[in-house]
Amino acid sequence: MSLSIVVNCDRSVPYGTCAARLHTGAATEAEAYEAAERAGWDVGGGHDFCPAHSHRPTRLTPPTRLHPEETPNR
Ligand SMILES: [Zn+2]
């Protein structure tokens with residue numbers, strides 16, 4: 001038989017827990033967590049969270065100037 005570890009999201013939602021599941025295809029827990037991390041999951045801290053519920057900071061894009069060529073005095 002083959003073994004595949006499924007990572008579940010532990011985030012509580014109003015009617016139970018998040019339904020997100022990740023079929024890692026890994027045979028060991030370490031490989032499963034590695035695969036989950038690559039997929040954007042927040043794992044290994046006692047609870048596992050899907051990308052939508054991970055607590056990782058989102059990358060901020062620097063502000064862009066809309067009209068850099070405009071000057072106040074023409
Ligand atoms: Zn989730």
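## S54 and its surroundings

Apart from neighbours within four places in sequence, S54 is in contact (heavy atoms within 4.5 Å) with G40, D42 and F49. S54 itself belongs to the segment after α1; helices (H or I, at least four residues) and strands (E, at least two) are DSSP runs, numbered from the N terminus. A polar atom of the S54 side chain lies 3.4 Å from the backbone oxygen of P51.

This is a predicted model, in which local features need pLDDT of at least 70, side-chain atom pairs count only at pLDDT 80 or more, and totals for chains, interfaces and linings use all residues. Residues are numbered from 1 along each chain as its sequence is written, and side-chain values use heavy atoms, with hydrogens and water left out.

## Zinc site

The zinc ion has four protein donors, C9 (SG), C18 (SG), C50 (SG) and H53 (ND1), at 2.0 to 2.4 Å. Donors are N, O and S atoms within 2.8 Å of the metal (3.2 Å for Na, K and Ca); water is not among the atoms, so sites may look incomplete. Along the chain, the donors are spaced C-x8-C-x31-C-x2-H. C9 sits in the loop between β1 (6-8) and β2 (12-13), and C50 in the segment after α1 (29-38), so the pair ties together parts that are 41 residues apart in sequence.

The angles among the four donor atoms are 105 to 117°, and the site is tetrahedral, a label given to four donors if all angles lie between 85 and 135 degrees. For four tetrahedral donors the ideal angle is 109.5 degrees.

## Nonpolar core

C9 and C50 are both buried, that is, under 20% relative accessible area with a 1.4 Å probe, protein chains only. Both also belong to the largest nonpolar core, whose nine residues are V7, C9, C18, L22, A36, W41, V43, F49 and C50. Such a core is a set of buried Ala, Val, Leu, Ile, Met, Phe, Trp, Tyr and Cys residues joined through side-chain atoms within 4.5 Å.

W41, in the segment after α1, is buried with a relative accessible area of 4%. The C-alpha atoms of W41 and P51 are 4.9 Å apart, although the two residues are ten apart in sequence. Leaving out residues up to four places away, V7 touches W41 and V43, among others including A32 and A36.

## Whole chain

One helix and four strands make up the elements of the chain, in the order β-β-β-β-α from the N terminus. Of its 74 residues, 20% count as buried.

Conventions:
Four donors count as tetrahedral if all angles lie between 85 and 135 degrees; four count as square planar and six as octahedral if opposite donors are over 155 degrees apart and all others between 65 and 115; anything else is irregular. Buried means under 20% relative accessible area, exposed over 50%, partly exposed in between (1.4 Å probe, protein chains only). A polar contact is a pair of N or O atoms within 3.5 Å; within protein, one must be able to donate a hydrogen and the other to accept it, and residues adjacent in sequence count only if both atoms are side-chain atoms.
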